[in-house]
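Here is a short tour of one protein chain. Keep the structure open as you read.

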Amino acid sequence: MTNEMLRAPAEVKYAEELDWLESIDDGPKPFSWRLSPRMVRLFVLGSERSDGLDREIPQKWFGDRGFVERSIVTLASDRGLLLIGDPGTGKSWLAELLSAAICRNSTLVVQGTAGTTEDHIKYSWNVSTVIAKGQSRESMIPSPIMTAMEQGVIGRFEELTRSTSDVQDALISILSEKYVSIPELDTDNTVFAKPGFSIIATANSRDRGVNDLSSALKRRFNFVRIPVVTSKASEAEIVRFRTTELLRRHRIELDLPPTLLDILLQSFADLRAAAASATSEDEKLESALSTAEQIGVLEDAILHSHFFGDRALRAETLAGALVGSLARRAPEDLAILNKYWHGVVEPRSKKDGGEWTDFLEGGRQAISTLS
């Protein structure tokens, strides 16, 4: 089944693993949860030898154990959970994993945008059915959030702060009252949330000021702030894990040389340091330089090597992918990258040689082509 999907949701991708965890789980479960909180944590963070399991459960989200535990406890209390952090810190992936483990359904998602309306979090109507049969439950189209309420499962709201204040206000009543009224109907006009219903929302900390949350809505959520990964070892683990997944998805057999991964990690660390010391926005790349963007650079380089190269990842290809991904503004971003290549990569190439020399030449060529 997963072979027929471009991207299988976590509950499908890890179905066999979840079935096994459920079969051995004898811990207390809140509401209608499929796994106990302890097993949810184990599914997300992976097993350790001290867990005494007959099989290894791989780690799927890389971050502080405390963030995961607080998220699980929040959902067990039936309060809303708000995961907030910079782009690329894994907020959506953590929300998907939690939903998959708790209720085996991570697809009840509302995407917050300036165009999101109350209908998207409550209900709308099938116009043709209304014309033929009138307004009724049959002609109503429930939103993903309403469906989550009716089923007693987790609903997800991505990029909450990108939605307008009236949408956020509508969410307050759902989180507070745990029901939605349908004034168009005379009977059967209230949808009550079943035990187990909750909402996991995400918010981009860089969107502060776009549509700030009201104090009333903030009180309905427990906040869990997901920090940027600063440990090079942890970031390397994340990049390896996600790269292995994308290679499997694309059915590509290609080795990721450790030296090239080190170059990628070091380049992002250098560029982040430069952004931190910049005195104006013009001196910073538009990119957030997140772990997710590193994975995107690596994916571009791997696919280019597979389809247009000799099916071996090389430093010059990685450099071209990095420049192509990060040079979003011309001439500002190109000037920043050119400065980095001359001021950092070139001296490192002279000192260390090897792959850094090819990385230097690949980057120079990419910058020259885009200039």
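## Helices that cross

The model is predicted: local features need pLDDT of at least 70, side-chain atom pairs count only at pLDDT 80 or more, and totals for chains, interfaces and linings use all residues. Residues are numbered from 1 along each chain as its sequence is written, and side-chain values use heavy atoms, with hydrogens and water left out.

Helices here are DSSP runs of H or I with at least four residues, strands are runs of E with at least two, and both are numbered from the N terminus. Helix H16 covers residues 355-370, and its axis comes within 10 Å of that of H12, crossing at roughly 55°. That makes H12 oblique to H16 (under 35 degrees is roughly parallel, over 145 roughly antiparallel, 65 to 115 roughly perpendicular, the rest oblique). Axes are lines fitted to C-alpha atoms, for helices over the stretch in contact, and angles run from 0 to 180 degrees between N-to-C directions.

Which residues of H12 meet H16? Thr259, Leu260, Ile263, Gln266 and Ser267 do, and their partners are Glu355, Trp356 and Phe359. Contact means heavy atoms within 4.5 Å.

## The sheet

Five strands form an open sheet in the order S2-S5-S8-S1-S9, with parallel pairing. Strands S2 (109-111) and S9 (221-226) are the edges, each pairing on one side only. From one strand to the next, the twist averages 20°. S2 and S5 pair over 3 bridges (pairing needs at least two DSSP bridges). Gln111 stands opposite Glu158 in S5.

| Helix | Strands touched or crossed | Angle |
|---|---|---|
| H5 (residues 91-103) | S1, S5, S8, S9 | about 170° with S5 |

## Helix H11

H11 has 19 residues (232-250), which should span 27 Å at 1.5 Å a residue; its end C-alpha atoms are 26 Å apart, which agrees. The expected span is 1.5 Å times one less than the number of residues. Buried residues of H11 include Glu235, Phe241 and Leu247 (buried is under 20% relative accessible area, exposed over 50%, partly exposed in between, with a 1.4 Å probe and protein chains only). Their cover includes helices H1, H12 and H13. Arg251 follows H11, with a positive phi near 55°.
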